[in-house]
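Take a look at the chain below. The walk-through after it moves from the overall layout to single residues.

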Amino acid sequence: MSVHLTIINKTTKKIPLRRDFLHITQSYEHYFGLTLYTSEVTLVIVSDTIMRGLNKKYRKKNVSTDVLSFSIDITNPNDVKQHQKNDTLILGDIYIAPVYSYKNHKGSPQEIIQKLFLHGLLHL
């Protein structure tokens, strides 16, 4: 069916265009056999401070990190079987902290954010 991608940028950092992420989500959807469903993913770009707060709250680690993923509808592969063909699968939210990421990864800002987005998708 299709992937609905919402991008929320809570920073002043410029991020790659939406179409760059859609290609990644469509490949993910095809690889994992989700093409019969409409899927939703939210990408949230946050500051190191916000990421540190999320990491502390959900992982009990009082440091920032580059990417965190939060599954919503599918917490294990068998969950897909419970959904009907026309259901919308809310895969989850992916949070990325660009400043932290740029310091800890090699490549252009666009490449780094896209790789982390894919990494986050794989954790959903």
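This is a predicted model: local features need pLDDT of at least 70, side-chain atom pairs count only at pLDDT 80 or more; totals for chains, interfaces and linings use all residues.

Residues are numbered from 1 along each chain as its sequence is written, and side-chain values use heavy atoms, with hydrogens and water left out.

Start with the layout. The chain has four helices and four strands. Helices (H or I, at least four residues) and strands (E, at least two) are DSSP runs, numbered from the N terminus. Read from the N terminus on, the order is β-α-β-α-β-β-α-α. Contact means heavy atoms within 4.5 Å. Among contacts between residues at least 6 apart in sequence, 68% join residues at least 24 apart.

Next comes the surface. The accessible surface of the chain is about 7,500 Å², and 52% of it belongs to carbon and sulfur atoms. Accessible areas come from the Shrake-Rupley method with a 1.4 Å probe; for residues, only the protein chains shown count as cover. A residue is buried under 20% relative accessible area, exposed over 50%, and partly exposed in between (1.4 Å probe, protein chains only). Of the 124 residues, 40% count as buried.

Now go inside. A nonpolar core is a set of buried Ala, Val, Leu, Ile, Met, Phe, Trp, Tyr and Cys residues joined through side-chain atoms within 4.5 Å. The largest such core has 21 residues. Those with the most contacts inside it are Leu5, Val41, Leu43, Ile94, Ile96, Phe117 and Leu121. Helix 1, strand 2 (38-45), strand 4 and helix 4 (109-123) each supply at least two residues of this core. Which element gives the most? Helix 4 does, with five residues. Apart from this core lies another, of seven residues, among them Val44, Leu54, Leu68 and Ala97.

Leave aside its neighbours within four places in sequence. Ile96 is then in contact with residues including Leu43, Val44, Met51, Val67, Ile113 and Phe117. Asp66, Ser101 and Leu116 are also among the contacts of Ile96.

Ser101 itself sits in helix 3 (residues 98-104). Is Ser101 buried or exposed? Ser101 is buried, because its relative accessible area is 0%. With neighbours within four places in sequence left aside, Ser101 touches Asp66, Ile96, Ile112 and Leu116.

Phe21 is another inside residue. Phe21 belongs to helix 1. Its relative accessible area is 0%, so Phe21 is buried. Phe21 and Ile7 are 14 residues apart in sequence, and their C-alpha atoms are 9.5 Å apart in space.

Turn to the rings. A pair of aromatic rings is described by the distance of the centres and the angle of the planes. Rings of Phe, Tyr and Trp (its six-membered ring) pair if their centres lie within 6.5 Å; planes under 30 degrees apart count as stacked, over 60 as edge-to-face and the rest as tilted. The structure holds three aromatic pairs. In one of them, Tyr58 and Phe70 have ring centres 5.0 Å apart and planes at 65 degrees, so the pair is edge-to-face. This pair links distant parts of the chain: Tyr58 is in helix 2 (residues 48-59) and Phe70 in strand 3 (residues 67-71), 12 residues apart. Tyr58 is partly exposed, because its relative accessibility is 47%. Phe70 is partly exposed too, at 22%.

Phe70 also pairs with Tyr95, edge-to-face, at 5.7 Å centre to centre and 85 degrees between the planes. Phe70 lies in strand 3 and Tyr95 in strand 4 (residues 88-96), so this pair ties together parts that are 25 residues apart in sequence. Tyr95 counts as buried, because its relative accessibility is 18%. Ring pairs thus link Tyr58, Phe70 and Tyr95 into a cluster.

Tyr31 is in helix 1 (residues 18-31). Tyr31 is exposed, because its relative accessible area is 67%. Lys60 lies in the loop between helix 2 and strand 3. Its relative accessible area is 69%, so Lys60 is exposed. Most residues other than glycine have a negative phi. Lys60 has a positive phi of about 60 degrees, although it is not a glycine.
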